[in-house]
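Trainee: I would like to request a close look at a single part of this model, with the cut-offs behind each term.

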Amino acid sequence: MRKLVHFAIAAAMAVGSLAMPHVAQAADPISYALYDSGVCSDQRFLNKITSRFGHQVRNVPNLPQVGITEFRHIYEKRYLPRDDRHLIGRRYCAGQVVLSDGYTRDIWYLIEEGQGFAGVGDNVEFCVAGFDRWNVYNGRCRVLH
């Protein structure tokens, strides 16, 4: 049943993306920008990002003590469905967050299908511009772009 749901979502996105503007990127024919945020704006993932961001700023030295108050302009940059070449379905998302200090920062995040705790649910990895103090996602969050 889960595979059928994922197939239906992928098919709907493929049909819907024909009418959406595309963003061309060199040597990456499957990259596109969807202005309908879909799965990327799912409250479960945004809540998880907000919670983990709070943990990050409390536990990483020299980060400002701020929290995420709002998400804006969320969109899906790329979708790699699970297939023979990609054993894990991945959605690359981007947008902006408004922080409790009033500043707006760019955010990039990755939703990995079926990679939650003990393989149950989905996992989300994120990077907020200026908050990757230890370069976990390379300089300027490039791993998640």
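Trainee: How many aromatic pairs does a search of the whole structure find? Please then examine closely the disulfide of Cys127 and Cys141.

Mentor: The model is predicted, with local features requiring pLDDT of at least 70 and side-chain atom pairs pLDDT 80 or more, while totals for chains, interfaces and linings use all residues. Residues are numbered from 1 along each chain as its sequence is written, and side-chain values use heavy atoms, without hydrogens and water. The search of the whole structure finds 1 aromatic pair (ring centres of Phe, Tyr or the six-membered ring of Trp within 6.5 Å; planes under 30 degrees apart are stacked, over 60 edge-to-face, the rest tilted).

As for the part you selected, Cys127 and Cys141 form a disulfide with their sulfur atoms 1.9 Å apart (the cut-off is 2.5 Å between cysteine sulfur atoms). The torsion about this S-S bond is about -60°, and the disulfide of Cys127 and Cys141 is therefore left-handed. Because Cys127 belongs to strand E5 (residues 123-128) and Cys141 to the segment after E5, the pair ties together parts 14 residues apart in sequence (strands, E, of at least two residues and helices, H or I, of at least four are DSSP runs numbered from the N terminus). Cys127 has 3% relative accessibility and so counts as buried (under 20% relative accessible area; exposed is over 50%, partly exposed in between, with a 1.4 Å probe and protein chains only). Cys141 is buried as well, its relative accessible area being 1%.

Strand E5 also holds Val128, which is buried with a relative accessible area of 1%. Beyond its neighbours within four places in sequence, Val128 is in contact with Cys141, and also with Phe53, Val97, Arg105, Asp106 and Ile107 (contact means heavy atoms within 4.5 Å). Between Val128 and Tyr109, 19 residues apart in sequence, the C-alpha to C-alpha distance is 8.7 Å.

To set this link in context, the count comes to 2 disulfides. The other joins Cys40 and Cys93, with sulfur atoms 1.9 Å apart, and is left-handed with -70° about the S-S bond. That pair links distant parts of the chain, 53 residues apart: Cys40 in the loop between strand E1 (31-34) and helix H2 (43-59), and Cys93 in strand E3 (residues 90-99). Cys40 and Cys93 are both buried. With bonded cysteines counted along the chain, the disulfides follow the pattern 1-2, 3-4.
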